[in-house]
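Hi,

Here is the structure we talked about. Please open it and keep it beside you as you read my notes below.

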Amino acid sequence: MSIKPTTTDLEWTAVDERAVDTVRVLAMDSVQKVGNGHPGTAMSLAPAAYTLFQKVMRHDPADADWTGRDRFVLSAGHSSLTLYIQLYLAGFGLELDDLKAFRTWGSKTPGHPEYGHTTGVETTTGPLGQGVANAVGMAMAARYERGLFDPEAAPGTSPFDHFVYAVAGDGCLQEGISAEASSLAGHQQLGNLIMLWDDNHISIEGDTETAISEDTMKRYEAYGWHVQRVEPKENGDLDPAALHAAIEAAKAETRRPSFIAMRSIIAWPAPHAQNTEAAHGSALGEEEVAATKRVMGFDPEQHFEVSDEVLAHTRGALDRGREVRAEWEKAYAAWRTADPQRAAEFDRIRAGELPTGWEEKLPEFETGKGVATRAASGKILQALGAVVPELWGGSADLAGSNNTTIDKTSSFLPADNPLPEADPYGRTVHFGIREHAMAAVMNGIALHGNTRVYGGTFLVFSDYMRNAVRLSALMHLPVTYVWTHDSIGLGEDGPTHQPVEHLASLRAIPGLNVVRPADANETAVAWREILRRYTKEFGVGAPHGLALTRQGVPTYERNEDAAKGGYVLFEAEGSDGAAAEPQVVLIGTGSEVQLAVAAREQLQAEGVPTRVVSMPSVEWFEEQEQGYRDAVLPPSVKARVAVEAGIGLTWHRYVGDAGRIVSLEHFGASADGKVLFREFGFTPEAVAAAARDSVAAAAR
């Protein structure tokens, strides 16, 4: 539908108009000063961003983390000035000097918005389309949060009801991740999500006719969204009144996410730069900036011009925020009084604490028995689910294989979904075959706060997720990736499904902790440590990737030192059976630890004292004090062997010049997993032979 209202309750004055033009001036001047950036979109979006921050959104600039706030996601992160200038005008803490320092060392205004760096920035955006999926995750989290704390409240009456607003550009909607996420949002009927599409027809290579001709609005209708188009003014500028009316209509549509298409002219009203690709990613130039200022009635000789009248007017957002916050506090206080038990739960979760006694629910597995670590993880999740209500998640249509179903009777689905377990506040999420969106949606869930999320797929498909996983690490988010079928051990599905380079590749991401437990008991310790690290007591968080086996592996006695990332699983012994100094150290992860254990038996029988070190997480191990690391891997022992069914890139620094690595430096094949391990040299005999070779090399 097309919005052209004849009446509106939007209050819009000459000062508002001047404030919007001030935004355009600041966008031009910020980019011109540093010499690079993206001025055009910030100029054309000025009326939309101003309307959202000054006329629509519920927020308190004095407390950017207020639970009751609406969320704003600038998916088109290259236009970071669209957000920074509104944060400055509204009083979130940015000042004019921060805009003058745009894109420079140490500034609060980096080239793309960065979560945790600038107050008021809800997520790190830049890679196009990620923000769309983040917004979908925030909307899902808002619904789950409501289910935790206030499920019986009528729609729109709970202190946990709020909206998520996103601004996306053409690039965002061309990236496949946005299609995945938007499809999921429509299926989930996320009526609390409102996305504004900046339909400016321009990308880096010119008019978008170069790359796309689909009807985007019909596409979003097909996804199940409520779709509107906002027509521009006759002069081509965005119409705040029409946009405001469309947003109000979107807010009234509670059973569908809303998509608002805004036709804009990039760099409007620059006389020569408007509607050009150059305005997308380059400074306009001094002459064009001056000419544009003249068009808007600004002094071309002044830079970063903000009148006292405009700033006083926009900083009124602080007073409005205080008022809306006070109104919300009344509803919040009434809720706390009416439901003290849920209020106490909210306080615990908000404080980043876990329930008392939660660790006691972790299962301990019988030693000697063969259990796949994916199966152990599934049992652990179900045990934790009973006592940690904020923990929820699912799989990219692989729940039966990933063992990620936390509650079979409860699926996070809208009420009219035909499945019998459908529950708008359900525990188990069906992400569908959307790995890329799943990862970015989980980022949005984590950013929203007050829940803990996990999501599963096969390790090989982490390639689909990598960009979002990288952003998890960049933002230090408490997101858990459950990656199963972690080696050639998965067998007959063959090389397309068998990860080889993935463990090393994921370990290369700074801030991502990869955990590959050797057995069921290590898996329990790993889950315990992951959840512990997500508490505020631990400090800065980090995402975790659990790499789990499809095949059964022997279960060893539980050792709490697994939480240190590496530990002595079996000590070297002398001929008398007593502990002895090791002559060689065997390092293993995951399903290959059993090979190191069996090789140790052979070497010990030959009179070679052999230590086995299980190293489920290189990252956790590197956090330990040097004394502990040296105690596990004695510097005096030069003979070392690392064994892992993947490329050996991780292990060179641990084995040294005399060390050897039993690894897989090529793709797999289609056959039974046991056959592949034998044919590709993953046997106790091969590990023992590598150890003998290493001992000989160390003795030279």
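**The largest pocket**

The largest pocket has a volume of about 1200 Å³. A pocket is an open set of points on a 1 Å grid over the protein atoms alone, where a 1.4 Å probe fits, with protein on both sides within 12 Å along at least five of seven lines. Its volume is the space filled by probe spheres set on the points, which are joined across faces, edges and corners. The pocket is lined by 43 residues, and those closest to its centre are Gly156, Asp161, His162, Phe163 and Asn192. Lining residues have an atom within 4 Å of a point. H14 gives the most, with eight residues. Helices (H or I, at least four residues) and strands (E, at least two) are DSSP runs, numbered from the N terminus.

**Where the model comes from**

This is a predicted model, in which local features need pLDDT of at least 70, side-chain atom pairs count only at pLDDT 80 or more, and totals for chains, interfaces and linings use all residues. Residues are numbered from 1 along each chain as its sequence is written, and side-chain values use heavy atoms, with hydrogens and water left out.

Look next at strand E21, residues 610–614. Five of its five residues are buried. Buried means under 20% relative accessible area, exposed means over 50%, and partly exposed is in between (1.4 Å probe, protein chains only). Thr610, Val612 and Ser614 cover one side of E21, and Arg611 and Val613 are on the other.

Which strands pair with E21? Strand E19 (residues 567–570) runs antiparallel to E21, with three bridges. Strand E20 (residues 584–588) is parallel to E21, over five bridges. Two strands pair if DSSP finds at least two bridges between them. Find Val613 in E21: Val568 has it as bridge partner, and so does Ile587.

E20, helix H22 (residues 593–605) and E21 form a right-handed β-α-β unit. Right-handed means that, with the strands pointing away from the viewer, the path from the first strand over the helix to the second runs clockwise.

H22 has 13 residues and spans 19 Å from its first C-alpha to its last, close to the 18 Å expected. The expected span is 1.5 Å times one less than the number of residues. Its buried residues include Val593, Leu595 and Leu603. The buried residues of H22 pack against E19, E20 and E21, among others. Contact here means heavy atoms within 4.5 Å. Gly607 follows H22 and has a positive phi, near 85°.

Helix H18 (residues 435–448) has 14 residues and reaches 20 Å, close to the 20 Å expected. Is H18 enclosed or open? It is largely enclosed by the rest of the structure, because 14 of its 14 residues are buried. Gly449 follows H18, and its phi is positive too, near 95°.

**Backbone details**

A cis peptide bond joins Trp268 and Pro269, with omega about 5°. Pro269 sits in the loop between strand E8 (258–263) and helix H11 (278–281). Ala267 is in the loop between E8 and H11. Ala267 has a positive phi of about 70°, although it is not a glycine. At 0% relative accessibility, Ala267 is buried.

His201 also has a positive phi, near 65°. It lies in the loop between strand E4 (193–199) and strand E5 (202–203). At 27% relative accessibility, His201 is partly exposed.

Best wishes
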